[in-house]
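My notes follow in the order in which I took them.

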Amino acid sequence: MTTLPILELTAAPPAGPRGDAGVAHVARGSAEPAAGARHRAALPPRHLADLDLIGRRAAVAALGEREFRAAQLSHHYFGRLVRDPAQMTDVPVAARDRLTEGLLPNLLTPVRKLACDGGATRKTLWRLHDGSLVESVLMGYPDRITICVSSQAGCGMGCPFCATGQAGLTRNLSTAEIVDQVVWFAGVAASGAVPHSPARLSHVVFMGMGEPLANYPRVMQAIRRLIAPPPEGLGLSQRHITVSTVGLVPAMQRLADEDLALTLALSLHAPDDDLRDELVPVNQRWKVADVLQAAWDYAARTGRRVSIEYALIRDVNDQAWRADLLGRLLTGRLAHVNLIPLNPTPGSRWDASPKPVEREFVRRLRAAGVPTTVRDTRGREIDGACGQLAASEIEPGSTTGLASSRGRGRKAEQ
Ligand code: SAH
Ligand code: SF4
């Protein structure tokens with residue numbers, strides 16, 4: 001680690017078309033890109049992580065190579081975490097280039113790499129092939145390494161306290177664009193670069209940019225790659241994958257039908273419809289009672305405890321009566337509450353609750369018998385919350401950009 005100021009690692013212009021032609025905007029609160037916009041969203045090149053092993057064999061054959069090369073290539077990517085053709089010495093040189101060109105295109109270009117906590121927290125802002133920006137965060141702990149991935153460029157759900165929600169949805173990420181964020185950081189973990197942590201990435205949370213259940217098919221395919229044993233996938237445990245949702249009820253029901261032991265996190269943020277309609281606009285469609293019922297159905301089907309996410313916002317949702325109401329809704333359920341001190345977004349009128357108010361909120365929930373924790377706020381100085389780094393990059397002229405005081409203490413990762 002160095003104490004260099006923020007380092008612009010890649011100053012190159014975006015590789016693909018930028019601007020309106022390649023950007024799909026949707027109305028806030030809508031789960032899918034608008035029909036016309038969907039056609040304009042530029043798809044990334046095909047990557048082996050978009051395909052299962054059977055599909056990869058067919059793709060390899062179509063490139064004029066023997067089918068067993070699919071397993072070799074997959075082993076390099078998922079098993080050895082290698083993407084450089086020069087390191088694939090069991091593949092003849094001519095085939096190597098053809099195969100990597102056809103099945104291992106570069107999907108993510110790092111634009112900025114930031115680190116804090118002595119390198120235990122790392123954040124990368126990626127530029128995608130069409131110029132869209134997304135981010136991923138790695139958090140190293142003594143017993144595990146977790147990566148927080150993005151599932152969409154932007155988000156169409158419009159939650160007013162969230163930086164990602166302010167910019168609207170650009171597009172869904174492809175399966176491989178999601179998987180590649182994880183594989184990339186699995187390589188960082190394997191290099192031993194994360195201090196005081198195991199050298200293996202073990203946990204994935206879909207808590208970066210985007211609403212994962214609004215990009216359902218690609219997120220599910222990505223999860224299937226992450227849990228498939230090598231060489232088909234990364235071999236992660238289902239239980240170590242958390243899908244966080246704003247509460248898209250039909251998609252939550254579909255998730256329960258998948259027969260997977262994933263952890264579900266529900267971003268509730270208010271126990272009453274009046275306030276939730278404002279904080280989480282999709283609540284105007286699926287009410288608190290509906291999303292909680294979907295969560296309990298998920299818990300019953302999977303046996304998995306649901307995590308109720310609640311960003312504590314000063315004088316907005318942190319009152320004692322709301323803690324009591326939340327406690328009544330959750331008592332006796334297979335759930336725990338994860339309180340998140342609000343990370344204020346640029347220009348927002350909202351702030352985190354004072355610590356005594358937070359403590360009282362926790363006390364009341366626990367008194368109601370609801371297991372409650374307060375989320376670790378590490379990485380705040382590298383714009384750790386959802387979409388904040390990308391938001392500051394998208395608005396370089398804003399006073400909250402990377403050169404501003406919010407950047408204090410950030411370090412460029414080497
Ligand atoms: N779209 C999904 C997953 C991504 S957001 C969802 O909303 O659940 C991941 C979590 O970060 C959510 O619980 C979200 O409410 C929370 N979050 C977003 N902006 C935040 C902020 N400024 N401060 C604290 N938490 C925030
Ligand atoms: Fe989208 Fe989640 Fe942000 Fe809401 S909190 S705008 S659902 S990313």
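Predicted model: local features only at pLDDT ≥ 70, side-chain atom pairs only at ≥ 80, totals over all residues.

I then listed the buried residues of H10: Val 288, Val 291, Leu 292, Ala 294, Ala 295, Tyr 298 and Thr 302. Looking down the axis of H10, I see these buried residues fall within an arc of 155 degrees, so they line one face of the helix.

Next I checked what covers the buried residues of H10. The cover includes helices H8 (249-256), H9 (273-279) and H11 (320-330), as well as strands S9 (263-267) and S10 (306-312).

For its dimensions, I noted that H10 runs over residues 288-302, 15 residues in all. From first C-alpha to last it reaches 21 Å, close to the 21 Å expected at 1.5 Å a residue. Just after H10, Gly 303 has a positive phi of about 75 degrees.

I moved on to ligand 1 and found 16 residues around it. The closest are Cys 162, Met 207, Ser 244, Ser 267 and Glu 309. Strands S8 (241-245) and S10 each supply at least two residues of this shell. By class, I recorded nine nonpolar, five polar and two charged residues around ligand 1.

Ligand 2 came last. I found 12 residues around ligand 2, the closest being Cys 155, Met 157, Cys 159, Cys 162 and Gly 165. The shell of ligand 2 splits into six nonpolar, five polar and one charged residues. I also noted that Cys 162 is listed among the closest residues for ligand 1 and for ligand 2.

Definitions and conventions: Residues numbered from 1 in each chain as written. Chains lettered and ligands numbered in written order. Near = placed C-beta within 6 Å. Nonpolar A, V, L, I, M, F, W, Y, C, P; charged D, E, K, R; others polar. Helix = DSSP H or I, 4+ residues; strand = E, 2+ residues; numbered from the N terminus. Expected span 1.5 Å × (residues − 1). Buried ≥ 20, exposed ≤ 12 C-beta atoms within 10 Å, placed from the backbone. Arc of directions from axis to C-beta. Contact = placed C-beta atoms within 7 Å.
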